Amino acid sequence: MEGRLILAAVILTALTACGGDVKEHTAPPIYDRDSVSMMTSYGVNTLISDSGVIKYRIVTERWDVNVVRQPSRWTFEKGVFFEQFDEKFHVQAYIQADTAWYYDQKKLWHLRGRVRIRNINGLIYTSEELFWDGMAHELYSNVFSKVVTPERSMEGSYFRSDEKMRHYLVSNSKGSFEREDMTGENKAAEEQPQNPADTATVEEPVVRQAAQKHRRSAQ
């Protein structure tokens, strides 16, 4: 009995001595506060209105909304598909991309990865990156873009257009045109191959001077 009491006293003393060396280790949070989404939705197929009028359908596998991160944004990491409607709910265009961010305060969409647009006139636009400015009502890209219409095909490193893609320009471009689409200036350039034009601008159905490039970035 006495031996057991001595053993218990030794164990108690050892535990007490070690207690002063014990330190509490607290792991940091897995995510910073500003990276946590306020809402995450899966399998989304919803209609979006603007000023009380339904204008878009959004289809996506995952939709994250973050109002804490600056600037606040919606994130579509699993891809997104849009349909754009007119006032009578007729489909005007569709847009799709592998990844997208929407900065709600700026009304700015940033689309990346296999971006594709088709409008009601049969124009098809493809690129790896595109910005859609809802305040300026225009689309633009600073990377390689391709525009195909029933009349022409163009490729270039800069693209700018109105939201309906009726008036657009492609600079630093190359492509094919119908001969009747060319102005006298373009024909003169064709006759002087030693000084080829390094830009081409298309505004359906005429050609105009290229506008100044945007220098904007998002994300």
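A nonpolar core here is a set of buried Ala, Val, Leu, Ile, Met, Phe, Trp, Tyr and Cys residues joined through side-chain atoms within 4.5 Å, with buried meaning under 20% relative accessible area (1.4 Å probe, protein chains only). The model is predicted, so local features need pLDDT of at least 70 and side-chain atom pairs 80 or more, while totals for chains, interfaces and linings use all residues. Numbering runs from 1 along each chain as its sequence is written, and side-chain values use heavy atoms, without hydrogens or water.

**View 1. The largest nonpolar core.** This core has 28 residues, and Phe76, Trp109, Leu111, Tyr125, Leu130 and Phe159 touch the most other members. Among the strands (DSSP runs of at least two residues, numbered from the N terminus) giving it two or more residues are E2 (53-66), E7 (108-119) and E8 (124-133). A second, separate core of five residues includes Tyr103, Leu108, Phe131 and Tyr140.

**View 2. Around leucine 130.** Skipping neighbours within four places in sequence, leucine 130 is in contact (heavy atoms within 4.5 Å) with residues including Trp109, Val115, Ile117, Leu139 and Phe159.

**View 3. The E10–E11 hairpin.** Strands E10 (residues 145-148) and E11 (residues 153-156) pair in the antiparallel sense over four bridges; pairing takes at least two DSSP bridges. Four residues sit between the two strands of this hairpin, and valine 148 has serine 153 in E11 as its bridge partner.

**View 4. Methionine 39 in strand E1.** Methionine 39 belongs to strand E1 (residues 39-50). Its relative accessibility is 33%, so methionine 39 counts as partly exposed, the class between buried and exposed (over 50%).
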